[in-house]
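Thanks for coming. I will go through one model this morning, starting with the sheet and then the helices. Please have a look at it first.

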Amino acid sequence: MILSSEKMEQVADLKKMIINHPQFDKAYEQLLNAYYMNVETGISEHIICVGQSGTGKSTLKEKLRDSINPQKNNQKVITPILIVDTPAMPTVKNLAEEMLMKLGDFRYYSGSTIQKTTRVHHYLNQCEVKMIIFDELQHFIDRGKERKSQEVADWLKTVIDQSRCSIVLMGLERCEYLFRINEQLRRRFSKRIDLHPFSIDSHEPFMEFMGVLYAILERSKLTARFDLNNKEFISAIYYATDGVIANMIKLFIGVIELLDASKNKMIGKDIFETAFMENIWIDGKRELNPFNNAFIWQRLNKPGMPFHRNDFIKEEKQA
């Protein structure tokens, strides 16, 4: 089925959507305060920001980057916030390369690790960087060895101490392993931000989940076609997404795509049932599909299910 231009715009709009909910807003304010603390007083605050995939870490860093844009004058480019994505096969050397490339060093690939680190500090000073965000830091845990993880922890200490920038370490929960193997690094981080999936266990979390759901419906122009008083339907959306905002967006993109050919006035469970299978879990049928009448009303987080988390930690790998 080829989507109409209108539906394509609807899907694109949903993918670009930033939903300001209390948890996200608080995290954004904490990062912004750390940035301005550095700008105004020169004091560096270091923060670790962790959360499972899809809970908004990438959106958070993009919003921060967009709110404080780089500036260019005749002499240099000023980069107030430097965002560094940890390479998929990380080493200290290629992480330094990534930083140099983002800072505009055309010879980013040239030199030893020590020489690159020296140039990193030079460019951080020249570009007047006030905050560095290292994202996807769990790559060092997933694919590195114990020695490599220790090396990056020591290297980060050097960057923190010499750059005078505020540092944000961002990633999945297991990136905290770097702190376990290096107490000195852990002591440098005084604040922690946790981004959790939404819950419907009690009134306040349920209302927060509803607020996000309403924002998605409104942006999708589907508010009038969805019964917000149907608590069973809303619970089904929670179970179909595990309360993860990225999964909610995926589900509604599937619904929009299916509605392209539908003449129904109200959106029925059958459309959500198909959207769940097409966009979340292809094996989610009958009792394993939250929109099917046979659904068992249990979280889909067992091995083999879409929300099963392989919480790998180093100790388990080495056991």
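Five strands form an open sheet in the order β4-β5-β6-β1-β7, with parallel pairing; two strands pair if DSSP finds at least two bridges between them. β4 and β7 are at the edges with a single partner strand each, so one side of each has no neighbour in the sheet. From one strand to the next, the twist averages 15 degrees.

Before I go on, this is a predicted model, where local features need pLDDT of at least 70 and side-chain atom pairs count only at pLDDT 80 or more, while totals for chains, interfaces and linings use all residues. Residues are numbered from 1 along each chain as its sequence is written, and side-chain values use heavy atoms, leaving out hydrogens and water. Helices (H or I, at least four residues) and strands (E, at least two) are DSSP runs, numbered from the N terminus.

Back to the strands. β4 and β5 run parallel and are joined by five bridges, with Val 84 opposite Phe 134 in β5. Four bridges join β5 to β6, also a parallel pair, and here Met 131 stands opposite Ser 166 in β6. Is β4 enclosed or open? Four of its five residues are buried, so β4 is largely enclosed by the rest of the structure. Buried means under 20% relative accessible area, exposed is over 50%, and partly exposed lies in between, with a 1.4 Å probe and protein chains only.

Now helix α3, residues 57-67. Which of its residues are buried? They are Lys 57, Leu 60, Lys 61 and Leu 64. These cover an arc of only 90 degrees around the axis, which puts them on the same side of α3; the arc is that of the directions from the helix axis to the C-beta atoms. An α-helix has 3.6 residues a turn, so residues three or four places apart point the same way. The buried residues of α3 pack against α2, β1, β4, β5, β6 and β7, where contact means heavy atoms within 4.5 Å.

Glu 45 sits between α2 and β1 and is buried, at a relative accessible area of 17%. Beyond its neighbours within four places in sequence, Glu 45 is in contact with Ala 34, Met 37, Ser 166, Ile 167 and Lys 191.

Methods
Axes are lines fitted to C-alpha atoms, for helices over the stretch in contact, and angles run from 0 to 180 degrees between N-to-C directions.
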